[in-house]
Amino acid sequence: MNTIKLLKPIKINNEEVKELSYDTGKITAGQFCQAEVKRFEAGGNKPVLTTYEFDHGLHLYLGMMAIVAENPRIDITDLERITGFDMVQIAKVGRNF
């Protein structure tokens, strides 16, 4: 099992979470597309012309989808509250997908 240890724990479903498990192998086509939509919305709905390798917003949301795929009780909005280096760790998961 792959895990990310959070430097700043967050509350999810009234429970303090210090680490998040993830599995990129469980990301579905729908979740991949949802990651693209979330990236677009987070960027202010402005079209961005970039290559996959440099699409940092997509990497972040793909990492989040890998967490949600492994932990269906977690919602993307929970993960969007993560900040700092913890966010960078999640983006690395998505970049390596």
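Predicted model: local features only at pLDDT ≥ 70, side-chain atom pairs only at ≥ 80, totals over all residues.
Of its 97 residues, 39% count as buried. When contacts between residues at least 6 apart in sequence are considered, 57% of them join residues at least 24 apart.

The largest nonpolar core comprises 25 residues, among which Leu20, Ile67 and Leu79 touch the most other members. At least two residues of this core are supplied by each of β1 (2-12), β2 (15-22), α2, α3 (76-79) and α4 (84-95), and the largest share, nine residues, comes from α2. The surroundings of Leu20 can be given in detail: apart from its neighbours within four places in sequence, Leu20 is in contact with Asn2, Thr3, Ile4, Leu6, Ile12, Ile67, Ile74, Leu79 and Ile82.

Helix α2 (residues 56-70) also packs against helix α1 (residues 29-42), at an angle of about 135 degrees and with the two axes 8 Å apart. Because an angle over 145 degrees would be needed for a roughly antiparallel pair, α1 and α2 are classed as oblique to each other, and their crossing is right-handed. On the α1 side, the residues that meet α2 are Gln31, Phe32, Gln34, Ala35, Glu36, Lys38, Arg39 and Ala42, whereas α2 contributes Gly57, Leu58, Tyr61, Leu62, Met65, Val68 and Ala69. Sorted by class, this contact has nine nonpolar, three polar and three charged residues.

Methods
Residues numbered from 1 in each chain as written. Heavy atoms only, no water. Axes fitted to C-alpha atoms, helices over the stretch in contact; angles between N-to-C directions. Helix = DSSP H or I, 4+ residues; strand = E, 2+ residues; numbered from the N terminus. Parallel < 35°, antiparallel > 145°, perpendicular 65-115°, else oblique. Left-handed = near helix turned anticlockwise from the far one by under 90°. Contact = heavy atoms within 4.5 Å. Nonpolar A, V, L, I, M, F, W, Y, C, P; charged D, E, K, R; others polar. Core = buried A, V, L, I, M, F, W, Y, C linked by side-chain atoms within 4.5 Å. Buried < 20%, exposed > 50% of the residue type's maximum accessible area, 1.4 Å probe, protein only.
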